[in-house]
Amino acid sequence: METTDTSRSTAHAKAPARGAASDRSDLAVSVHGLVKRYDDMLALDALDLEVHTGEIFGLLGPNGSGKTTAINCILGLLTYDSGEIRVLGEPMTDSSRDLRRRIGVVPQEVAVFKELTVYENIDYFCSLYVPDRERRAHLVEEAIEFVGLGNYRKFRPKKLSGGLLRRLNIACGIAHKPELIFFDEPTVAVDPQSRNAILEGIQRLNREGATIVYTSHYMEEVQQICDRILIMDHGRHLALGTVEELTGMVATGERITITAPDRTDAVLHKIAALPFVENVQDKGDELEIRCSRGDHNLMDILDVLQTEGIHPGHVTSQPPTLNDVFLALTGTALRDSGSTDEE
Ligand SMILES: Nc1ncnc2c1ncn2[C@@H]1O[C@H](COP(=O)(O)OP(=O)(O)OP(=O)(O)O)[C@@H](O)[C@H]1O
């Protein structure tokens, strides 16, 4: 294997059946009170989550917040201390072969055989669930077309760039047409073009009927593609909802940037004194102003500038982001709290 991450392995762990995970038919995944310790380290602290059938569900949290641990417990690849998990309405057990056939996994680490070609790798992983050769040949071709690796069929992994390897990793996880697919940080360390192709591909799989669970520490990606998002940290649920619901949970309003090279300290003070202004940062020619919620924030700031005879240049107003939500809930920014961007 290129790597031997357990995530696509066929090892099955015994899971205790406790708690009250739901077997409602509209739930693709139901997790209740999941606790996982690595020795003394509490990696999952009574985590609850429910993934609705047909949605793209985002699991957002900084590095080390427990996303991969949660996914591996759900998939039965890791034992856990307590809690209950149901996948597609059933508990995942050692003998859940039919259930596993309905699930696809794209692990965080690229997990492919280095001695096999692109075609052979996809064919191998597909063969775990689809024994019929003729049908499999069709599915492998579809997967190759889906990830755009048509020109690389006969390439071995070491000849592929990082982005193409990630695409191969995806093809291996989805070729058997699963109805529930887990993507664990599939865009880490890929170029922007491959990243967009991957995100568009995930949306297409969803449009074609697959339920998606997508983990990431990139809030922009989660914001872009997910229907609902669970924000987690330290193995705990912090907040859950659509982007609108989550950003509506915090008092933070928009972030306004204004290019105003000729502004004075007096103007800065006047802006800072406006009742809705939480913080003004002087960034050379540019002012960055964080506001609380309000209907006329930008107009009021521009009024101050006009009264003082200052002509603003470029003005932008950015609505609150998931990072603002994370900041409000934890006191640290998503990017500060142990996450490292690889790019
Ligand atoms: N096999 C292990 N043994 C001991 N500790 C572990 C093990 N795997 C993960 N951990 C720890 O458990 C916590 C959760 O890790 P996990 O990999 O689940 O987080 P994550 O949110 O997926 O992070 P990342 O985004 O970096 O993948 C971290 O503190 C991590 O160091």
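A residue is taken as buried if 20 or more other C-beta atoms lie within 10 Å of its own, as exposed if 12 or fewer do, and as partly exposed in between, with C-beta atoms placed from the backbone. The model is predicted, so that local features need pLDDT of at least 70 and side-chain atom pairs count only at pLDDT 80 or more, whereas totals for chains, interfaces and linings use all residues. Residues are numbered from 1 along each chain as its sequence is written.

Strand E3 (residues 56–60) is mostly covered, five of its five residues being buried. Helices (H or I, at least four residues) and strands (E, at least two) are DSSP runs, numbered from the N terminus. Ile-56, Gly-58 and Leu-60 point one way from E3, Phe-57 and Leu-59 point the other way, and all are buried. In a regular strand, side chains alternate between the two faces of the sheet.

Pairing of two strands requires at least two bridges found by DSSP. E3 pairs in the parallel sense with strand E7 (residues 211–216) over five bridges, and Phe-57 stands opposite Val-213 in E7. With strand E8 (residues 228–233), E3 pairs in the parallel sense over four bridges; here the bridge partner of Phe-57 is Arg-228.

Around the ligand there are 14 residues, of which Tyr-38, Asn-63, Lys-67, Thr-68 and Thr-69 come nearest (a residue is near if its C-beta atom, placed from the backbone, lies within 6 Å). Strand E2 (41–52) and helix H1 (67–74) are the elements that give two or more residues to this shell, and H1 gives the most, with three residues.
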